[in-house]
Each structure stands twice: as structure tokens, then as C-alpha cells.
Amino acid sequence: MSTALDSLLDLLDLERIEQDIFRGTSRSAVVPRVFGGQVAAQALVAAGRTVPADRSAHSLHAYFLRMGDPGAPIVYTVDRIRDGRSFTTRRVVAVQHGQPIFHLSASFQTYEDGLEHQADMPPAPDPETLPTAAEMLPRYADRFSDPGMVDRLVEARAAVDLRYVDAPPFGTVGEPHEPRSQVWFRTNGKLADDPLLHVCMATYVSDMTLLDSVLLAHGRGGWAVGDVVGASLDHAMWFHRPFRADEWLLYDQESPSASGGRGLGQARIYTQDGRLAITVIQEGVVRVPR
């Protein structure tokens with residue numbers, strides 16, 4: 001297991017300070033605020049630790065309310081909304097400096113058999129044939145005005161092996177493309193068998209690239225390039241089938257719409273053998289600097 005993955009697992013191992021109150025820390029991100037995927041994953045950890053072990057997360061719905069301060073702890077308060085025979089619902093509010101910065105609702109379910117169908121997995125190349133972030137990012141160093149940006153991007157992705165199928169938005173600046181993007185990802189090391197951990201890790205990664213397809217449609221390079229500004233607004237995930245975040249997952253993303261200073265991304269995450277594991281939808285602020 002990599003040192004970076006160890007550090008990320010420590011980040012997700014929240015301190016319990018009361019029965020339903022948890023405290024987490026942050027680490028530096030590419031931009032000077034708490035990474036949205038981190039706070040979403042930590043909130044899901046907090047919710048999951050108040051739920052019986054035989055109930056797995058099947059959905060989450062979240063709103064990003066305020067920019068998080070990476071230098072201050074985040075307190076997560078869990079409300080036990082409902083404990084039914086099959087489903088358990090939790091609400092989590094993340095607070096910093098006395099103000100809510102994030103709100104999560106999550107639902108958990110006991111296993112049961114049911115009807116089965118799924119959308120087919122789209123074609124994608126073998127992830128092992130694609131360059132790693134450390135191999136790919138230096139190719140685009142001239143796209144960033146900040147000479148330290150490549151190192152920060154590599155560091156931010158050191159815990160997760162994330163590989164683009166095609167060039168990322170900052171590799172095609174000024175060239176509008178079809179609003180679709182694919183990446184393969186897995187953690188840089190094996191994880192424990194706890195299903196909640198794998199769901200939380202996928203939640204963490206899901207916020208990394210989902211709005212790329214919005215940027216590609218307009219030939220914009222993104223936040224690291226500086227030709228757009230923005231942030232996540234809301235985020236929803238549905239967990240359909242078991243998966244492991246330490247095995248290759250295909251993140252197939254597209255953007256059906258951008259308007260009013262907002263962009264919408266939607267995606268499906270498949271296991272390497274073609275099972276649809278997760279559906280993701282996110283809207284974010286995407287503004288062109290004046």
C-alpha cells in the first residue's frame with residue numbers, strides 16, 4: 001500500500017467525539033479549499049458508522065453549501081432519521097467555524113434478491129495500456145501558469161491510480177469536443193474487505209473528474225488552468241452492485257447540459273468485467289472569469 005493511500009485512509013478514519021458526532025481533518029488540495037470528494041466521503045463514513053453492519057449504502061444525495069477551510073477540523077453530526085425493517089436513513093451535517101458547509105442524506109439497505117437488468121458497459125481500452133497521472137501530467141506542464149501545478153496534481157492523485165482514456169480538458173484547451181470523458185481508476189494498494197470503505201473511496205474519487213465533460217464541450221481547461229472558476233453544488237450517487245475500489249473501475253462520464261453558470265455531469269461506473277456498479281449525477285458552478 002502506498003504512503004498516500006495510508007494517508008487517505010487515515011483521513012477517512014474519523015474521530016468519534018460523541019455517539020453521533022464525529023470529527024475529521026483535511027489535507028491540502030489542488031485549490032485552496034477542502035476537496036469536495038473528501039467531505040462527501042467523510043460524511044458517508046460518519047453515517048455508515050451509525051448503521052448496522054448488515055446494511056449497505058445504496059444511495060446518497062448531497063449539497064455543498066460553503067467552501068471548506070482545509071486548516072480547520074470538520075465536525076459531522078449524524079441524525080438517525082429512520083431505522084426500518086429493510087432501509088435505514090441518515091442525515092449528516094458538516095460544520096466548520098460554526099456554519100454548515102455540507103449536507104448529506106444517505107440510505108442503507110439489507111441485502112435482498114430482486115429483478116435484474118443493467119445498461120451495457122461502453123467500449124474502453126485496457127487500463128494497463130494507459131499512462132498513469134505521473135506519466136501523463138508533465139506532458140501538459142505548459143498549460144498551467146503555476147509552475148507547481150503539475151506536482152500538486154500528481155500529489156492529489158497519488159492515493160488513486162486514475163488514468164484518462166483520452167486527453168483531459170487541460171490537454172485540449174481551445175478545442176471543443178464531444179461532452180464525454182472516460183477514466184479508469186483504482187486505489188494504489190489493496191483495501192480491507194469492509195464494503196463501506198469501498199463505497200466511501202468511490203465517493204471520494206467521484207468528485208475528481210465528473211465535470212470534465214462540461215469543460216470538454218467548450219474547449220475549457222478547467223480550474224487548474226484558470227479559464228473557468230467553479231465548485232460542486234450538489235452530488236448524488238446510487239450504488240447498484242458490490243464492487244471493490246482497489247480493482248479497476250471505468251468512470252464513463254457525459255454532460256447533457258450547461259446553462260446559467262452551471263454545468264451538469266452524469267456518469268456510470270462499471271467494474272472491469274462489465275457490471276454496472278454506480279450511477280453518479282453532479283451539478284457544479286462553471287463560470288468564465290470576467
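Rings of Phe, Tyr and Trp (its six-membered ring) are taken to pair if their centres lie within 6.5 Å, with planes under 30 degrees apart counted as stacked, over 60 as edge-to-face and the rest as tilted. The model is predicted, so local features need pLDDT of at least 70 and side-chain atom pairs count only at pLDDT 80 or more, whereas totals for chains, interfaces and linings use all residues. Residues are numbered from 1 along each chain as its sequence is written, and side-chain values use heavy atoms, with hydrogens and water left out.

Ring pairs link Tyr140, Phe144 and Phe170 into a cluster. Five aromatic pairs are found in a search of the whole structure. One of them, edge-to-face, is formed by Tyr140 and Phe170, at 5.7 Å centre to centre and 75 degrees between the planes. Tyr140 is buried, at a relative accessible area of 14%, and Phe170 is buried at 6%; buried means under 20% relative accessible area, exposed over 50% and partly exposed in between (1.4 Å probe, protein chains only).

Thr50 also counts as buried, at 6% relative accessibility. The side chain of Thr50 is joined to that of Arg90 by a polar contact of 2.8 Å; such a contact is a pair of N or O atoms within 3.5 Å, where within protein one must be able to donate a hydrogen and the other to accept it, and residues adjacent in sequence count only if both atoms are side-chain atoms.

Asp69, at 29% relative accessibility, counts as partly exposed. The side chain of Asp69 makes a polar contact of 2.9 Å with the side chain of His97.
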